[in-house]
Amino acid sequence: MRIVVYAYRRFGNASGVPIIGFQHFTGTLDNWDPISMNGLAQEREVIIFDNTGVGNTGGVTPDNVAAMTQDAIAFIEKLNIQHFDILGFSLGGFIAQQLAFVRPDLVRKIIIVGSAPQGVKVLHSFPQLIQRAMQLQPAERFLFIFFTPTELSREKGMATLQRLFARTEDRDREASQQAVLAQLKAITAWGTDPVTIDLSHITQPVLIIQGSNDEMMDSDNSYTLFKQLPDAILTYYPDSAHGSFYQYPDQFVNSANFFLNN
């Protein structure tokens with residue numbers, strides 16, 4: 001019997017349906033923007049966690065989205081949560097799609113940020129993009145992946161970094177090499193493997209947030225996602241990249257709360 005100890009944070013207004021956050025490639029508990037998390041927590045309970053093998057959570061990270069999703073469901077069921085909303089960022093958006101497809105009974109509403117449907121060609125070259133990013137210093141790597149080269153976007157990126165590192169105690173461990181390689185394989189496979197999810201079967205309301213210039217996911221793929229989902233709203237943020245809601249956290253909180261409350 002496999003036993004995995006999960007690291008998670010649970011906070012906010014616990015009176016209604018909670019929202020559960022699913023994180024990006026290599027992301028941990030400390031990669032969620034405090035402005036967004038605190039803004040959501042004012043009106044609902046927020047639960048963020050490290051999935052198997054990531055950050056402070058034990059176990060071995062799976063190398064495919066389906067297994068990651070099953071691990072997430074196991075974690076959520078241990079919390080005795082039977083109905084929830086989803087915030088899925090990047091890789092977390094893949095898990096959001098998979099989870100809503102295989103366990104629609106669990107999900108009320110979905111927010112997907114900087115993600116894409118299965119089978120998109122841009123992910124075929126995902127390892128090469130990450131290799132380019134890894135040649136840069138950490139701050140420049142973050143800006144390269146999540147922001148555009150414009151002065152305004154980079155300025156917003158540096159402000160985001162300050163917020164992400166504001167916590168100085170009880171910080172999460174960074175993703176291990178095993179987790180990074182497994183997630184790298186899973187993300188690439190999302191684009192190269194046969195499509196197994198029929199998005200027309202995901203009938204929950206979905207809010208899609210995307211940057212205008214997301215090189216990692218190709219911004220146009222959010223429009224493809226929007227067209228295939230029966231009940232979706234799509235918002236593009238200007239002069240922004242993969243980290244669109246990092247760049248526009250206040251607008252994101254307003255849009256997300258309105259979507260979840262109405």
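I began with the second largest pocket, whose volume is about 270 Å³. Of the 11 residues that line this pocket, Ile-3, Val-4, Tyr-6, Ala-74 and Lys-78 are the closest to its centre. A pocket is an open set of points on a 1 Å grid over the protein atoms alone, with protein on both sides within 12 Å along at least five of seven lines; lining residues have an atom within 4 Å of a point. A volume is the space filled by probe spheres set on the points, which are joined across faces, edges and corners.

I noted that the model is predicted: local features need pLDDT of at least 70, side-chain atom pairs count only at pLDDT 80 or more, and totals for chains, interfaces and linings use all residues. Residues are numbered from 1 along each chain as its sequence is written, and side-chain values use heavy atoms, with hydrogens and water left out.

I then looked up the largest pocket, which has a volume of about 820 Å³. Its lining has 30 residues, and His-24, Thr-26, Asn-31, Arg-141 and Glu-174 lie nearest its centre. Helix α5 gives the most to this lining, with 6 residues. Helices here are DSSP runs (H or I, at least four residues), numbered from the N terminus.

Last, I examined α6. Its buried residues (under 20% relative accessible area, 1.4 Å probe, protein chains only) are Ser-153, Gly-157, Thr-160, Leu-161, Arg-163 and Leu-164. Seen down the axis of α6, they fall within an arc of 160° and so line one face of the helix; the arc is that of the directions from the helix axis to the C-beta atoms. The face turned away carries Glu-151, Glu-155 and Gln-162, which are exposed (over 50%).

Key:
Helix = DSSP H or I, 4+ residues; strand = E, 2+ residues; numbered from the N terminus. 1 Å grid on protein atoms, 1.4 Å probe; cavity = no way out; pocket = protein on both sides within 12 Å on 5 of 7 lines; lining within 4 Å.
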